[in-house]
Amino acid sequence: MKNKVRSATEFLKPLPDPDAISSEYWRAATEGRLLIQECPTCGHRQWYPRALCTECSSDTQWLECSGLGTVNTFTIIRQYGMQPFKQELPYIVAMIELVEGPLVMGNITDCDVETVRIGDPVLVWFLKIEEGIGIPYWSPDA
Amino acid sequence: MDRTPVIVGIGLSDYPKTPHLDGVQHHALAAQRAIADAGIAKSEIDGYVNASSNMMIDDPVTMAEYLRINHRYIDGTMTGGSSFEFHVQHLAAAIKEGLCDTALVTYGSDYLSRMGRSLGTGGFQRPGQRVAGPIQYEVPYGNSLVGAYAMYAMRHMHEYGTTSEQLAEIAVGVREYATLNPNAIYRDPITIDDVINSRMVADPLHKLDCCAITDGGGAFIMTTAERAKDLPNKPIYVLGAAGAQTHWNISQQSDFTTSAGAQSGPEAFARAGLTPADVDMIMFYDSFTITCLILLESLGFVGRGEGGPFIAEGHLRKGGSLPMNTDGGGLSSCHPGMRGMFLILEAVRQLRGDAGEAQVPNCKVALAGGSGGWLSCIGVAILGNEAPG
Ligand SMILES: [Zn+2]
C-alpha cells in the first residue's frame, strides 16, 4: 500500500547515511512504502532492518507495511538546543506500534501537540528529501 | 587464601564545578585519593578498569599509560553510566579467578566546565549531518536525552496511573540529602510543588525531574579479603553483581515500563543469597526521577506499577525504610555524565559508617543500581560490610 509522499524544499535536520541494508528502507520511503523485515524461518518481524533475524539469526525478507499504527508512547519536546528543531518547538517524538507488530520511532505532525494521547491511531506519510532518501512521519488517522 | 572480592579504597576528585581540572586530572586525583584511602602501594595495582568518555584521551589503555599501571588485567567495558557496576561484576570474577589481585577503577569528567549543560537537550548531531549506524533511524526526529526518558514516564503513567507528584517526591527526597552535602551543586530544599511548577522540558518531565550536570571524578580499589586483612579500612564485600541489556538506542526499547534490571536484579540477588527486603539503602542512577521508579520496580523492590504509591509514602527519604541516594544523587549533587561510579563510592561510605548526618542507621547491605544509555544497560552491585556466609 502506497502512502502520501511530500517533497522537501529544504531539509536541514540530520540525515541518514544509508548503508547496504538501510538504503532500501530509505529509498522505499521516497516511493511511499514503509518497510520492515520479516523472517521466513521463524516469522519474527523487526525494525530497524538488519543483516539477520534477531530471533533466530536467519536471513530476512522485506515486508511492506500498511502504514497504520497506534501511539505506544510519546513525549512533547519543549526544549532543544539545535536548529532547525529549535524553531519547531514544541513537537512530538513518539514510538508508533505498527499494526504489523514492531515499534518504530517518528514525529507526529499535522496536529495540536497537546491533543496527542497514547493509543491514538496514526497514519504514515513520507517526506522525500532527495533521490534515495525519504523520511517516514506520522499524522493522526481520523 | 581468601579471594573473596572486597572494596578497600575509595576516592572522589573535586566537584561540582572545577574549571581548573580536565577529565584526565579528575581520573588522577580520584586515583591518588583512592590509593591513599586504601593504604596500598601504587605498585601493588595489577588490574586497571575504566569507561572512557573521550577516546584517545581517557580510554583504558591511554589512562593505564598515563597512570603507569603495570596491569595483567584490563577492562574497558562501556555501558554508559552503569559501566562501573559492570566493572564490579567483572572484577569480582577476575579477582576470584586470580587474573589480578588488586585493581583500580577510575572515572573523570569535566562535562560542566567543557560542555555546559548541553547533555539533556543540546542535541548530538549538527544540522544536515549524515549519520551512519542504527542511530540513523532516530536522528531526523529531534529526540532529546530527556525525551527518551520522558517516553518511559508517559507510558508508565498511562499503564499504572503514576503521577507527576509521585515522581516529584523522588526529587524532593534526594534534594533533602543534598542539603547535608556541602559539595552538592543544588542545596536548597524543594517541595513537590516546586518540581511540578518547574518548566516542562519533555512531557511529562519537568526541569526538576532532571539530573544536574557537573564536573567530577571517582575511583575505587578492589582486592581480595586476604589482602584486606592488613589494610586500614574495614573491607566492603561484593556480595553479588550482575548486568543485562535490553537495547541501546531508545527506539529499540520494546517495553517502556521496565528495564533490563528485571534480569540483572534477580541475578545479583541470587548471587548474594539475599532478597530486596535485606537491603538497607539503595544508590540508584537518578538521571531522571522516572529512572529511579523504573529501577525500583524492575529490580524487584516493589511490583510493577506499585512504584508510584510506594514512593509517595516517603520510603526513599531520610528516615524511610529504604533511603536512596544519600549523597544528594545526580539530581542534586554530582552528575558529570556517567554517575555509576558515585553509586559505588557512596554505598561504600554508608557501609563503612562514614556518612555523617546522612548515615543510614545499621547499614549492612547497600545496592548500587546503575542505568546506562536510555535505561538500556542495567548493572547491579550488592555490597555488604560483613563477610558472605
Ligand atoms: Zn527468525
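Contact here means heavy atoms within 4.5 Å. By that rule, the interface draws 42 residues from chain A and 39 residues from chain B. This is a predicted model, in which local features need pLDDT of at least 70 and side-chain atom pairs count only at pLDDT 80 or more, while totals for chains, interfaces and linings use all residues. Residues are numbered from 1 along each chain as its sequence is written, chains are lettered from A and ligands numbered from 1 in the order in which they are written, and side-chain values use heavy atoms, with hydrogens and water left out.

## The interface

Buried area is the accessible area (1.4 Å probe) that two parts lose on being put together, summed over both. Between chain A and chain B it is about 3600 Å². Carbon and sulfur atoms give 57% of that area. On the chain A side, A:Pro14, A:Gln79 and A:Met105 supply 18% of the area that chain A buries against chain B, more than any other three residues.

Between chain A and chain B, 25 residue pairs are in polar contact, both residues being at pLDDT 80 or more.

Which elements of chain A each supply at least two residues of the side that touches chain B? They are β2 (15–16), α1 (22–30), β6 (68–77), β7 (91–98), β8 (103–108) and β10 (133–140). Helices (H or I, at least four residues) and strands (E, at least two) are DSSP runs, numbered from the N terminus. β6(A) gives the most to this side, with 6 residues. By class, the side of chain A that touches chain B has 27 nonpolar, 9 polar and 6 charged residues. Ala, Val, Leu, Ile, Met, Phe, Trp, Tyr, Cys and Pro count as nonpolar, Asp, Glu, Lys and Arg as charged, and the others, Gly among them, as polar.

Strand pairing also crosses the interface. Two strands pair if DSSP finds at least two bridges between them. β2(A) pairs with strand β5 (residues 130–131) of chain B in the parallel sense, over 2 bridges. There, A:Pro16 has B:Val131 in β5(B) as its bridge partner.

## Salt bridges

A salt bridge is a side-chain nitrogen of Lys or Arg within 4 Å of a carboxyl oxygen of Asp or Glu. The whole structure holds 27 salt bridges over all chains. Across the interface of chain A and chain B the rule finds 2. One example across the interface and one within chain A follow.

| Residue | Partner | Closest N and O atoms |
|---|---|---|
| B:Arg130 | A:Glu130 | 2.9 Å |
| A:Glu64 | A:Arg33 | 3.3 Å |

The A:Glu64 and A:Arg33 pair links distant parts of the chain, 31 residues apart. A:Glu64 sits in strand β5 of chain A, and A:Arg33 in the loop between α1 and β3 of chain A.

## The two chains

Chain A has 2 helices and 10 strands. From the N terminus on, its elements run β-β-α-β-β-β-β-α-β-β-β-β. The radius of gyration of chain A is 15 Å, close to the 14 Å that the globule rule gives for 142 residues, so chain A is as compact as a globular protein of that length. That radius is taken over C-alpha atoms, and the globule rule is 2.2 Å times the number of residues to the power 0.38. The C-alpha trace of chain A spans about 45 × 35 × 30 Å along its principal axes.

Chain A contains an open sheet of 3 strands in the order β4-β3-β5, with antiparallel pairing. β4 (45–46) and β5 (61–64) stand at the edges, each with a single partner strand, so one side of each is left without a neighbour in the sheet. Strand β3 (residues 35–38) pairs with β5(A) over 4 bridges. A:Ile36 has A:Leu63 in β5(A) as its bridge partner.

Chain B has 13 helices and 12 strands. For its 389 residues, a compact globule would have a radius of gyration near 21 Å; chain B has 19 Å, which agrees. Its C-alpha atoms fill a box of roughly 55 × 50 × 35 Å, taken along the principal axes.

## Backbone exceptions

Most residues other than glycine have a negative phi, and most peptide bonds are trans. A cis peptide bond joins B:Tyr15 and B:Pro16, with omega about 10°. B:Pro16 lies in the loop between β1 (5–12) and α1 (23–38) of chain B. Another cis peptide bond joins B:Asp203 and B:Pro204, with omega about 0°. A:Asp110 has a positive phi, near 60°, and lies in the loop between β8 and β9 (121–130) of chain A.

Definitions and conventions
A polar contact is a pair of N or O atoms within 3.5 Å; within protein, one must be able to donate a hydrogen and the other to accept it, and residues adjacent in sequence count only if both atoms are side-chain atoms.
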